[in-house]
Every structure is written in C-alpha cells, then in structure tokens.
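Reader: Please take me through this model term by term, setting each value against its cut-off before you draw a conclusion.

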Amino acid sequence: MRWTQTFIPTLKEVPAEAEIPGHQLMLRSGMIRQLMAGAYTFMPLGYRSVRKVSQIVREEMDRAGAIELFMPALQPIELFERTGRKDAFGNVLFNFESRRGDRNLHFALGPTHEEVITDLISREIKTFRQLPLTLYQIQTKFRNEERPRFGVLRTSEFLMKDAYSFGTSLEQLNEAYDAMYNAYCRIFERCGLEYIPVEAESGPIGGDASHEFMAPADNGEDFVVRCSSCGYAANQERADTGRSATVPPAQDGAADPEKVDTPNAGSIEDVSAMLKADPATFIKTLIYMADGKAVAVLIRGDHEANEGKIRRALDAADVALADEATIERVTGAPVGFAGPVGVDCDILVDHDIGAVSSAITGANEKDAHLTGVIPGTHFQFEQTHDLRNADAGDKCPRCDDSLEIVHGIEVGHVFKLGTKYSESLDATYLDSDEKKNPIIMGCYGIGVTRVVASIVETCHDEGGIVWPMAVAPYTVELIPLNVKDEEVMTVSNRVYDELTAAGIDVLMDDRDQRPGFKFKDADLIGLPIRVVIGGRGLKEGIAEVRRRSESDAQKVPLVDTIRVVQEIIAAG
RNA sequence: CGGGAUGUAGCUCAGCCUGGCUAGAGCGCUACGUUCGGGACGUAGAGGUCGCAGGUUCGAAUCCUGUCAUCCCGACCA
C-alpha cells in the first residue's frame, strides 16, 4: 500500500480527551476515531490490526476443533426474559421496541450470545450422538456501558470472539474447556501480548471453573493477585490468602471496653481522624443479609470485605449488604455505629480479627464507639474465615512466599457454565437410555478489539507504537526519502514490488514530505521493520533496514534487502 | 447513578475572574518561492453560529438559568 493512496491521518498533538498512552497512540496514529462516547470507527490502519488478531483467533479456534458460525446481533428480548438475564443485565442490555406493521416488537442488541446459541442448539440437537460440539463466532457485541473509558478498551460496542461448548458429561466439558484454555494461550502468545491466566470468580460450580486472561498493564481496571515464586495467580475477587484461623482465648479479668462519644462520625475515616487512631485497630462491622438472615461480618478497619468469600463462608446462595431498617433492628443504632458487642445476630469473623489485641468498634448506639474491645473476650467466636480481598504482602495460599498485586486488562475469559442456560432454554439431548438430560455448556470469550488496545497500551516507547510482528497493520514501512528524486523512486518502487511479491505487507510512505517528518510518523505508527531508501545510501548501493524495537539501522546492499527483511520476519 | 472538570479555527490552547471597537496564538491547511537524512523557512491567504437555548444588560465568548456533549474520580460491569 502507498501512503498517498490510503487514509492514515496522523496527529502531531495529543488529543485532549485521551488520558492513557494506548488511547493517545491509537488516536495519533490514525487507527481509530471517536464517533461518540463508547463508539469508535476503526480506520484503515487500525482495522488491519483488528483483522490480523481476528485471523489468529480464527486459526487457533479451528485448530482446537471449534466451528465458526455467525449469529444475529439483533435478538428478541423474550430469550433474555427466559434466562432471567434481562433483569441481571439491567441497563447494560440495550433493549428497545420497534413497530412492524401493527405489531410492537421488543428487541435486544446482543451483549453476548448464550441465549441465541442455546436456543439454536435446543432446536437442532436431539441425541448424545451429535455431541460434543464447540461453536464460535467473531461478532460485534453491545453493552450499554455506564461509563465508557480509555478509548477502545471499554466501549459500548466492541468486537468479540465468543465460543460455546456443548457436551453430555463433565468430561466432555473439561475437555472442551482445556482445549479453549490452551488455544487462548497460543492466541495471546502469537499476538505478542503478555498475559496471565488467573483463577476467577466462578459462581455455583466453584473450583477451577473459570479463568480470566489478564494482560498486565498499569492502566488496567482489574487487579491481579499473584505469587512470583510459585506462579499462583487469581483476580482480586477470587484470590485466596494463605492466612490461617486465629481464635484467641478469653482473657480473665480484662477491663471492660470504654465507651467514647463520636458525634456524627459513622465511617472508619471519620472516627479514626477523631480519635487519632490507626484504621488497622478498628473492627468494621458490616451487616449482611444472607439468604434472608442477618449476619454481622467483622473485618479489620483497613481491609475490604469480599462478598464472594462471605457467601462461600456462609454457604449461602445470595448475599448482600442489609438495608437500613435491618441494620437498625439488629444493632439498635443508625448506620455507622454497628459493633460486635451485643449485636443481635450471628457474627462471621475474618482471620485478621483474632490478631487485634485491642480494637475500636461501633457501640451499637448512636454517636458512640467502644475502645479496648478484645476479640474472644468481649465477643466470642469459634472460627475465623478468609473474608476480605487479598492484599499485597499477604501470604501465598500455595507456597511460603507473599502475594503481589498488579493491574491488568481482561482480554479473555473461559467459563464452565454447566446447565444454567440449557435448563432455562430447554436444550436437552437423549442419552443411550433414552433419558432426557440438559446439555452441559461452557462459554469462552476474547475481546478482539480489546486485545488490539491492550497491545498498543503495552507495546510502545516515547516515539510511538512498537508493534509485535504478527499483529502489526503492515510488516514493513518503506520510506523513499525524496519522492522527487527519480533514482530513489525507481529503486523504491522496485523494492516495494519485490517485498509485495514475497508476500510481505508493506506500506510505502510516498508522501512528498521532508525525511524528519516521515521518520516521526514511522515511529508513531510503529511498523516492525523500516526500510529507508535515500540518495545518500544509493550512492553506496545500500538501503537501511531498522527494527522498530532497536535504535540502530543496518546498512544492507540493495540486492540483499528483501532477504534481510525476510530473515528479520522469520526471526520474529 | 453520585462527585469533579471542560466546551473558543481541523488539532493544542489563551482570552472569561473584573462585560466594551474588527475574538487571538502555535501547529495544520491553500498558493508561490527557498529548502530537503529526524516534525524547515519566508511571503501572501482561507478558516470561528465562542456547544445550544433562554435571561440580565445600552452592550455577553465573558454574568445568570437551563440544556446537550466530552473527559476524569467513584459505584456498576452476565
């Protein structure tokens, strides 16, 4: 492709709306343009990378035995009502009505395709002989993001590969899951994207039923907890801590807690400022409703409660913070003054509480707190649990080292669904005993446009993008330094034709611009290999070949140019 | 959805607080000339309903009210 014949509007200045490097670079390199918040046009350059990533995804899905199909983005709302996800998605689901003749039809724009594919399978699959089967598509998804962010990283419309496996047994599910997991590793490796597979929150199936693939990036919205010695990695919601139970014995003759006035100070922050005390000496008492029953959850003041862990500790199906009325009934005080001493419900205690020797807690009385509260003495408990988010420095659950926290971008997710959708949409098969069973499903997603954004976000230097070879919009940027010089252009055109004939994606910057200008743009758009043809080099019969990732160019005899480029490509 | 900020030329921004003649700069763009190996220079130009609507005022980019849009922080995220 010749630059003058395509459409690559680069920007010298950083657009005001872009905050993070990846967004700035995609805008500046002319890869994307914004239409509105959360919706972007992929320009010719950006779209080439999208297609390269899509192609890698497609090849690896095919290799893993998945079969491609293409489903409608436009879907009847009724399917989401049947699975209960109309309410679960809430405002995130685009749904609207439209007239057709004298009828009013109610549609959704697909946020993902479990419903559509399960409905399809329910109609077409009759017998165990037709299974297992894994289907996938690469399609635009729609989610009404409350807050689109970071350019193409978080949008209301995005390109996603979604795959669904259907089987008759847990073994078939595990086989499909493993195949997808391995395919994902290959995909991210081929894309040149650093990734960490992490254990993720997986709902009722538990265990290893869900993994997220995270690209480590400072601007990532997710937190990954990992151990650098044993490789344990999990997202922050899921991560276990290697802490153990500590139940202190009751102390005889310990002084009673002292009540202090804390007018209008209901938060840990307020009270710690008022009493000049470290939040780590507080016990935070959160009143939760677990399957309709109130529970007081005790967490150290400087920690974050984790609802998933609380739910599992209580073996409850549903856990949520209690409403004000419940809190007042249980504690006898307004919100903000709950404490474990004298609270009228069960208590659930985090591991770290046992180690607090003398704590500040709510007094279960308006505008008052207790100091000198001794766990095990002033309130009793028989067991402690892991109830909070993991933190940097916590002990690893698998080895003796400690955990660290890194930011990450979620680029893929594999999930053992089980029979949630097959049951609600009646997707069943007949087994060899002629018995009807729900099909066992898995779902597997990769955000294609998000992968592109993650690569740009993580692969760049001061000058611009530094594309990994496999996903670069073009592999080579060929720069004739002076397009008015006939000899330079003759040679450049020849090299261009030869590179093209060798099957190499080449972009020739044939614009009538000064060399410095073109070099800057070349660094910006960041193609992996730069070939420069200039009058000076021509006198010596050489071209300059430079990898974008290296600072020095090598002088190559003109006749060897193609070979050298091919060698660089082969070396990756 | 809660909090904060911004909206002036294609882009980046000044001007607004303290209202006043024809609304500015740099970059980009057009023409001509000089230049030509890391974002050149000169000359001459084009380009603006100051987001939109209403109000206050003799007079509004500037003050007030509303509204829309975008961005940031937080909540949410099958």
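**Labels and their criteria**

Author: Arg-494 and Glu-498 bring their side chains together in a salt bridge, with 3.9 Å from N to O. The model is a predicted one, in which local features need pLDDT of at least 70 and side-chain atom pairs count only at pLDDT 80 or more, while totals for chains, interfaces and linings use all residues. Residues are numbered from 1 along each chain as its sequence is written, chains are lettered from A and ligands numbered from 1 in the order in which they are written, and side-chain values use heavy atoms, with hydrogens and water left out.

Reader: Why is the meeting of Arg-494 and Glu-498 called a salt bridge?

Author: The term requires a side-chain nitrogen of Lys or Arg within 4 Å of a carboxyl oxygen of Asp or Glu; the N to O value for Arg-494 and Glu-498 is 3.9 Å, so the pair qualifies. The two residues are four apart in helix α12 (residues 486–501), and are therefore separated by about one helical turn. Helices here are DSSP runs of H or I with at least four residues, and strands are runs of E with at least two, numbered from the N terminus.

Reader: What makes Arg-494 count as buried, partly exposed or exposed?

Author: Buried means under 20% relative accessible area and exposed over 50%, with partly exposed in between (1.4 Å probe, protein chains only). Arg-494, at 42%, falls in between and is therefore partly exposed, and Glu-498, at 36%, is partly exposed as well.

Reader: How do you know whether Arg-511 and Asp-521, which also form a salt bridge, are buried or exposed?

Author: The closest N and O atoms of Arg-511 and Asp-521 are 2.9 Å apart. This pair links distant parts of the chain, with Arg-511 in the loop between β27 (506–508) and α13 (515–525) and Asp-521 in helix α13, ten residues apart. Arg-511 has a relative accessible area of 14% and so counts as buried, and Asp-521, at 8%, is buried too.

Reader: What makes the salt bridge of Asp-386 and Arg-243 a link between distant parts of the chain?

Author: The side chains of Asp-386 and Arg-243 meet at 2.8 Å, N to O. Asp-386 lies in the loop between β19 (368–373) and β20 (403–418), Arg-243 in the loop between β12 (233–235) and β13 (258–261), and 143 residues separate them. Both residues are buried, and both belong to a network of salt bridges that also takes in Lys-309, Asp-350, Asp-352, Arg-388 and Asp-394. The structure holds 37 salt bridges.

Reader: What can be said about the exposure of Asp-400?

Author: Asp-400 is found in the loop between β19 and β20, and its relative accessibility of 72% is over the limit, so Asp-400 counts as exposed.

Reader: Which aromatic pairs does the structure hold, and how many?

Author: There are nine aromatic pairs, one of which joins Tyr-195 and Phe-213 at 6.2 Å centre to centre, with 35° between the planes. That pair links the loop between α6 (170–191) and β9 (196–199), which holds Tyr-195, to strand β10 (residues 210–216), which holds Phe-213, the two being 18 residues apart.

Reader: Why is the pair of Tyr-195 and Phe-213 called tilted?

Author: Rings of Phe, Tyr and Trp (its six-membered ring) pair if their centres lie within 6.5 Å, and planes under 30 degrees apart count as stacked, over 60 as edge-to-face and the rest as tilted.

Reader: How do you know that the charged end of Arg-48 sits over the ring of Tyr-474?

Author: The criterion asks for NZ of Lys or CZ of Arg within 6 Å of the ring centre and within 35 degrees of the ring normal. The charged end of Arg-48 is 4.0 Å from the centre of the Tyr-474 ring, and Arg-2 lies over the face of Tyr-496 at 4.6 Å from the ring centre.

Reader: Where do the buried residues of helix α7 fall, seen down its axis?

Author: In α7 (residues 268–275), Ile-268, Val-271 and Ser-272 are buried. These buried residues fall within an arc of 100° (taken from the directions from the helix axis to the C-beta atoms), so they line one face of the helix. They pack against β14 (283–290) and β19, whereas the face turned away carries the exposed residues Glu-269 and Ala-273.

Methods:
Contact means heavy atoms within 4.5 Å.
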